[in-house]
2 protein chains.
Amino acid sequence: MNRKTQKRTHETKARILEAARQLTEGKPFDTVSMDAIARQSGVAKGSLFAHFTDKSGLLSHVVAERLQAIVDHWETDGTARGSKLEELLDRSMALVDLLSADRAVLQIYLDYSGATSSNVSEPFSASLEALENRLFSFLSHWREKGGAPFALRTDLDVAALASGVSAFVTTAAIYRACDRIVSRADCVALLQCQFRAWLQGPAA
Amino acid sequence: MNRKTQKRTHETKARILEAARQLTEGKPFDTVSMDAIARQSGVAKGSLFAHFTDKSGLLSHVVAERLQAIVDHWETDGTARGSKLEELLDRSMALVDLLSADRAVLQIYLDYSGATSSNVSEPFSASLEALENRLFSFLSHWREKGGAPFALRTDLDVAALASGVSAFVTTAAIYRACDRIVSRADCVALLQCQFRAWLQGPAA
DNA sequence: CCCTAAAAATGACCGCGGTCATTTTATATA
DNA sequence: TATATAAAATGACCGCGGTCATTTTTAGGG
């Protein structure tokens, strides 16, 4: 017969996540071992793998939180900005900064950003979906209401535009994680150029 | 005093690479251990790391060869094609197929495609550069001589066009490596749409 | 040809992520 | 409350990538 999950489960899971959160604060993921997380959370190592599929699966929760922070900030921050393009650049760079700062974070993002929701931790896919929705509605708004410095092209639907933007952001993060793009300014410049070329409608 | 490297060096390095080539034929990289490569090549494991920085560094040579094969095939194959766009799609999908078939291959490609040539094995960066050159000259030719099904846009230089194409191909490979893009046909369709939108000049 | 110093090869060893047979704990029922 | 059993926790263990003090081989000067 089936019994329902005990409340211990949620507690230990929370303890593990809290330990992971603390230990990864400011340190690269690959310097934080599963043994260390087990020790910090006062739980046997084996238990980590009972609650999470693997190290990536565990840390994807941490990445999810960081991703969510970007979304939240985008949604709440009403700071006036020079233009729609600048706003998009600003938000994109927040993501690039997050992803390119830690190889393992980028790794997790790439592994899970493409996967079907079934094999990914819900927090991560939720955050990712929220981010994609935010981008989608941003572009929708831009197209409908207009915005500086140019009008969006109309020969592609918003979803297609968004997927292109994502592609540029992702590759920018990859290039920056290696050292192909050295300075942050170069990264911004590249994205600005690509965004213009991808999003701009025919000249008025 | 400095002595020059012995000829043994090249021999063992070649033996190791040959073993790696054999063992990875048709099998995912992560099923082939360094111990296995050492055993197959008749060399101590420690020697592998004397000749190559790490497993990625070793296998990047194998990836380089596969990459080079794509370049070579593109350069020699004079098969008549329906259009420039089809040719580009065809060649891009060859790369996508290569990268998405094995996680570790994709990993190596992403790690090294961005890195400065100094920290990457020469064969790999050579193959990558050859591929980029091939794309560049393909696009240059398209722009100058024209070609179906449309003329290339002229508001971006060829290098910028190429970087965009690479971005779309890379993300397509990532999506396909996970299961975001299930069928190969969907992948082709996505790329076709993105290539058109990215490359097409203003309607005549 | 021998001797010596540098170059190359070696394999025991380490920490890591991950597994699993076993033990401990909680809960439903009598 | 006592008992049976499912759920949860445990930690010794494994194979992996990678290291390094030691040994073996090679090349060049006397």
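What follows is a set of questions and answers on a predicted model.

Reader: How do you know which residue and chain a label means, and what makes a feature count in a predicted model?
Author: Residues are numbered from 1 along each chain as its sequence is written, while chains are lettered from A and ligands numbered from 1 in the order in which they are written. In this predicted model, local features need pLDDT of at least 70 and side-chain atom pairs count only at pLDDT 80 or more, while totals for chains, interfaces and linings use all residues.

Reader: What makes up the secondary structure of chain A?
Author: Chain A has nine helices and zero strands. Helices are DSSP runs of H or I with at least four residues, strands are runs of E with at least two, and both are numbered from the N terminus. The order from the N terminus is α-α-α-α-α-α-α-α-α.

Reader: How many of the residues of chain A count as buried?
Author: Of its 204 residues, 34% do. A residue is buried if 20 or more other C-beta atoms lie within 10 Å of its own, exposed if 12 or fewer, and partly exposed in between, with C-beta atoms placed from the backbone.

Reader: Which residues touch the most other members of the largest nonpolar core?
Author: They are Val63(A), Ala172(A), Val63(B) and Ala172(B), in a core of 94 residues. Such a core is a set of buried Ala, Val, Leu, Ile, Met, Phe, Trp, Tyr and Cys residues joined through C-beta atoms within 7 Å.

Reader: What is Val63(A) in contact with, leaving aside its neighbours within four places in sequence?
Author: Val63(A) is in contact with Val105(A), Ile108(A), Tyr109(A) and Phe124(A). Contact means that the two C-beta atoms, placed from the backbone, lie within 7 Å.

Reader: Why is H4(B) called roughly perpendicular to H6(B)?
Author: Helix H4 (residues 55-76) of chain B and helix H6 (residues 103-113) of chain B pack at an angle of about 100 degrees, with their axes 10 Å apart. Angles of 65 to 115 degrees count as roughly perpendicular, under 35 as roughly parallel, over 145 as roughly antiparallel and the rest as oblique, so H4(B) is roughly perpendicular to H6(B). The axes are lines fitted to C-alpha atoms, for helices over the stretch in contact, and angles run from 0 to 180 degrees between N-to-C directions.

Reader: Which residues meet there, and of what class?
Author: Ser56(B), Leu59(B), Ser60(B) and Val63(B) of H4(B) meet Val105(B), Ile108(B), Tyr109(B), Asp111(B) and Tyr112(B) of H6(B). This contact has six nonpolar, two polar and one charged residues. Ala, Val, Leu, Ile, Met, Phe, Trp, Tyr, Cys and Pro count as nonpolar, Asp, Glu, Lys and Arg as charged, and the others, Gly among them, as polar.

Reader: Which helix gives the largest share of the surface near DNA strand C?
Author: H3(B) does, with four residues.
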